[in-house]
Amino acid sequence: MDRRPGPSARLRLAVSYAGFALFAGVLLLGTVWVILLQALPEVAVMPGGMLVRSALERTLGTAAVAVLVLMTVFGLVGGWVLAGRMLAPLTRITDAARLAAHGSLSHRIRLDGGDDEFRRLADVFDSMLAQIESHVAAQQRFAANASHELRTPLAISRTLLDVAHSNPAHDRADLLDRLRTVNTRAIDLTEALLLLSRAGHRTFPRETVDLSLIAEEVAETLLPLAEQRRITLDVTGDPTRTAGSTALLLRMVTNLVQNAIVHNLPADGTVTIHTEPRGALTLLHVENTGPPLAPDLVPTLTEPFQRGTQRIRTAEYQVAGVGLGLAIVHSIIRAHDGTLTLTPQPTGGLGVTVLLPTTPHRHDLSRPPPRPQA
Ligand SMILES: Nc1ncnc2c1ncn2[C@@H]1O[C@H](COP(=O)(O)OP(=O)(O)O)[C@@H](O)[C@H]1O
Ligand SMILES: [Mg+2]
């Protein structure tokens, strides 16, 4: 922004100091003048000789002017030095802000010394920079991973086509089958990416949703998948409501239960879905048996494209998730002001706890009514 030039804060502070010093001086000398001189008679006989009042007034007046000039100069110089020292941290904060504005997010102010207003501002600024930096890094990682994941099905299709092209006796039905699988995968991935970006926006209409009904519905839909993998699916608990988007909450529970089935034991595993009200919160807990999970891996699972097993083999291509399931879950929960906790089970498998507010937060009520979603 272009601003008209003005006096610096340092100059204004110095002038204010000097002004105060001058004012105090005038007040002090004025008091002396009035009280002392007015009490004296025109001519007084003192032990040292005669004292004429008008002569005393002249002397005192000259001295007073000299003192006031001195006080003003003192106030200006002292104020200038003092203001410079006071404002020095501000210069460092401005420099850091300027660097950040030009894209250098790694710089920190790191103001030393005790706690005061400037240090607090600098600390808040530093932590804001740290947050922005990690956010930007996550975005870059995300873009790189997304491009990589999107390229994979395209590269596989290309290889399949090349092979078919160089071998005229190729089985066409088999080629079409494989191409279809790879294509479906690319569509799933793109849809998951779209959903992830949409879930992050908080612009969905909020309605009262009973999570226990959603849990029932998801269990019913995924029962065939569970049976196919010989997994017992249990739904327990009480009705409990939250305010949010039915479609997004349905997607959130579906992803959790699908994970609980897919990342379970090869056979005879169990999945339990539990809902209950917890004070002002609504609790959803999904728990499954499965292979043991490394505790240090668990907190990273909600990052996009983070899978328990990093490389997927081609044979698994059809059934493996795209690695966005938990990222979508996390994003939906955040948009609903809730929390997500992943706990590895001591006997293997995962416990997932979701807490959502029963009523929307205040800041949601104060926003303009959301636009209906397309
Ligand atoms: N219920 C679960 N039990 C065990 N592991 C799980 C469970 N849910 C997720 N995981 C692990 O977290 C990883 C990330 O999950 P997700 O984001 O849904 O990706 P995807 O399921 O597509 O691999 C999975 O690859 C799996 O290793
Ligand atoms: Mg998944």
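## The shell around ligand 1

By class, the shell around ligand 1 in this predicted model holds 7 nonpolar, 8 polar and 1 charged residues (Ala, Val, Leu, Ile, Met, Phe, Trp, Tyr, Cys and Pro count as nonpolar, Asp, Glu, Lys and Arg as charged, and the others, Gly among them, as polar). In total, 16 residues surround the ligand, where near means having a heavy atom within 4 Å. The closest are N259, N288, G308, G323 and L326.

## Polar atoms and burial

Let's look at the oxygen atoms of ligand 1. One is 2.8 Å from a side-chain N or O atom of N259, one lies 3.1 Å from a backbone N or O atom of V322, and one is 3.3 Å from a polar backbone atom of G325. The protein buries 93% of the 530 Å² that ligand 1 exposes when taken alone (Shrake-Rupley method, 1.4 Å probe). Two elements, α6 (246-262) and α7 (325-335), each give two or more residues to the shell; helices are DSSP runs of H or I with at least four residues, and strands runs of E with at least two, numbered from the N terminus.

## A look at N288

N288 is buried, at 8% relative accessible area (buried means under 20%, with a 1.4 Å probe and protein chains only). Beyond its neighbours within four places in sequence, the contacts of N288 include A260, H263, N264, Q345 and L350, with contact meaning heavy atoms within 4.5 Å.

## Conventions

Residues are numbered from 1 along each chain as its sequence is written, with chains lettered from A and ligands numbered from 1 in the order in which they are written. Local features need pLDDT of at least 70 and side-chain atom pairs count only at pLDDT 80 or more, while totals for chains, interfaces and linings use all residues; side-chain values use heavy atoms, leaving out hydrogens and water.

Technical notes: A polar contact is a pair of N or O atoms within 3.5 Å; within protein, one must be able to donate a hydrogen and the other to accept it, and residues adjacent in sequence count only if both atoms are side-chain atoms. Buried means under 20% relative accessible area, exposed over 50%, partly exposed in between (1.4 Å probe, protein chains only).
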